[in-house]
Amino acid sequence: MLENYLLVMIGAGLGALLRYLLLIWWPQRFDLFTGVWAVNILGSFLLGILSSIGQGSHAVLLTQTGFLGGLTTFSTMMTQAKQRDGLLKQLLYLFVQVLAGATAFFLGQVLAGAVR
């Protein structure tokens, strides 16, 4: 059981570190396509791939639960939506995030050969 906790913790730490680095690097001049958008789309795409290739339970804990859980951020996405002026801009931001995430997940599955 301790091994499982450590795998999730290590994966989450690495994912959070990558998120931090991407948020620093991503240009802040885009309104809808923020750094949070980039990490959530990347995470969705990688989840599509990883969930399609058979992984053992330890690998799932490290990569999907840990790393991708640390990389992606639902709470920051909601915070950024709230910072938009007006309900329409808030809803548009969330719609673009969810649509792009679902598309990236599907493309990851197609790339991994899971969808035929």
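Predicted model: local features only at pLDDT ≥ 70, side-chain atom pairs only at ≥ 80, totals over all residues.

Colleague: Is Leu-22 buried, partly exposed or exposed?

Modeller: Leu-22 lies in helix 1, which spans residues 2-25. Its relative accessible area is 22%. Buried requires under 20% and exposed over 50%, so Leu-22 is partly exposed.

Colleague: Which residues does Leu-22 contact, leaving aside its neighbours within four places in sequence?

Modeller: Leu-22 and Gly-35 are 13 residues apart along the chain, and their C-alpha atoms are separated by 6.7 Å. With neighbours within four places in sequence set aside, the residues in contact with Leu-22 are Val-39, Leu-42 and Leu-71.

Colleague: How are helix 1 and helix 2 oriented to one another: roughly parallel, roughly antiparallel, roughly perpendicular or oblique?

Modeller: Two packed helices are described by the angle and the distance between their axes. The axes of helix 1 and helix 2 (residues 35-50) come within 8 Å and cross at roughly 140 degrees. An angle must be over 145 degrees to count as roughly antiparallel, and helix 1 is therefore oblique to helix 2.

Colleague: How do the residues of the contact of helix 1 with helix 2 divide into nonpolar, polar and charged?

Modeller: Helix 1 contributes Arg-19, Leu-22 and Leu-23, while helix 2 contributes Gly-35, Val-36, Val-39 and Leu-42. Arg counts as charged and Gly as polar. The division is 5 nonpolar, 1 polar and 1 charged.

Colleague: What is the orientation of helix 2 to helix 3?

Modeller: The axes of helix 2 and helix 3 (residues 57-71) come within 9 Å and cross at roughly 165 degrees. Angles over 145 degrees count as roughly antiparallel, so helix 2 is to helix 3 roughly antiparallel.

Colleague: How many charged residues does the contact of helix 2 with helix 3 have?

Modeller: From helix 2 come Val-39, Leu-42, Gly-43, Leu-46, Leu-47 and Leu-50, and from helix 3 come Thr-63, Gln-64, Leu-68 and Leu-71. By class, this contact has 7 nonpolar and 3 polar residues, and the number of charged residues is none.

Definitions and conventions. Residues numbered from 1 in each chain as written. Heavy atoms only, no water. Helix = DSSP H or I, 4+ residues; strand = E, 2+ residues; numbered from the N terminus. Buried < 20%, exposed > 50% of the residue type's maximum accessible area, 1.4 Å probe, protein only. Contact = heavy atoms within 4.5 Å. Axes fitted to C-alpha atoms, helices over the stretch in contact; angles between N-to-C directions. Parallel < 35°, antiparallel > 145°, perpendicular 65-115°, else oblique.
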